[in-house]
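User: I would like to go through this model with you. Could we begin with the charged side chains and then turn to the core?

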Amino acid sequence: NAEMLRLLEEARIQAFWRPDEGVGLDTAILDARPGAETIGLIARQEVEYLAPIPYMRSPIDIEMWIGRLGGASIEICYEMFSPEGVTPRVLFTKAATTLVMVTAETGRPVRISDSLREVWEPYVEAPVQFTKRG
């Protein structure tokens, strides 16, 4: 379970954190370096395990989107699949993370800026649908 959360964290970092050097994804605009004024804190995570992930040499394919863009929070949705080109394509995991933007100094929530909204709005789709909820 801890390894799954680490994989989701790595995907989130690649998608949203501005790299120290070089060019990142269009969505990679959060500054998480020491001294940043605003940081993101995980408020909630939900993971649904659908199939065991076998050991493979190829990287797992993780599709991500934004399921909800709130006032100070963002819900990041994930579907984790078998590597590209593997047939049949297997959906291993569905997950969602609620990330709350806070000021680093006080830890109080801060509204998502208009510039962040502008970057993220094209990636907003319906939230992940968990199949095993009771």
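**Salt bridges and core**

Analyst: This is a predicted model. In it, the side chains of Glu3 and Arg6 form a salt bridge, with an N to O distance of 2.3 Å.

User: Where do Glu3 and Arg6 lie?

Analyst: Both are in helix 1, three residues apart, which is about one turn of the helix. Glu3 is partly exposed at 43% relative accessible area, and Arg6 is partly exposed at 34%. Glu3 and Arg6 also belong to a salt-bridge network with Glu10.

User: How many salt bridges does the structure hold?

Analyst: It holds five. One of them joins Arg89 to Asp61, with the closest N and O atoms 3.1 Å apart. Arg89 sits in the loop between strand 3 and strand 4 and Asp61 in strand 2, so this pair ties together parts 28 residues apart in sequence.

User: Is Asp61 buried or exposed?

Analyst: Asp61 is buried, with a relative accessible area of 16%. Arg89 is partly exposed at 46%. Arg89 also forms a salt bridge with Glu63, at 2.5 Å from N to O.

User: On to the core. Which residues touch the most other members of the largest one?

Analyst: Phe16, Leu30, Ile74 and Trp120 do, in a nonpolar core of 17 residues. Helix 1, strand 2, strand 3, strand 4 and helix 2 each supply at least two of its residues.

User: What does Ile74 contact beyond its sequence neighbours?

Analyst: Leaving aside neighbours within four places in sequence, its contacts include Phe16, Ile66, Leu99 and Trp120.

User: And where is confidence highest?

Analyst: It is highest in strand 3, at a mean pLDDT of 96; the chain averages 87.

Key: Residues are numbered from 1 along each chain as its sequence is written. This is a predicted model: local features need pLDDT of at least 70, side-chain atom pairs count only at pLDDT 80 or more; totals for chains, interfaces and linings use all residues. Side-chain values use heavy atoms; hydrogens and water are left out. pLDDT is the predictor's confidence in each residue, from 0 to 100. Helices (H or I, at least four residues) and strands (E, at least two) are DSSP runs, numbered from the N terminus. A nonpolar core is a set of buried Ala, Val, Leu, Ile, Met, Phe, Trp, Tyr and Cys residues joined through side-chain atoms within 4.5 Å. Buried means under 20% relative accessible area, exposed over 50%, partly exposed in between (1.4 Å probe, protein chains only). Contact means heavy atoms within 4.5 Å. A salt bridge is a side-chain nitrogen of Lys or Arg within 4 Å of a carboxyl oxygen of Asp or Glu.
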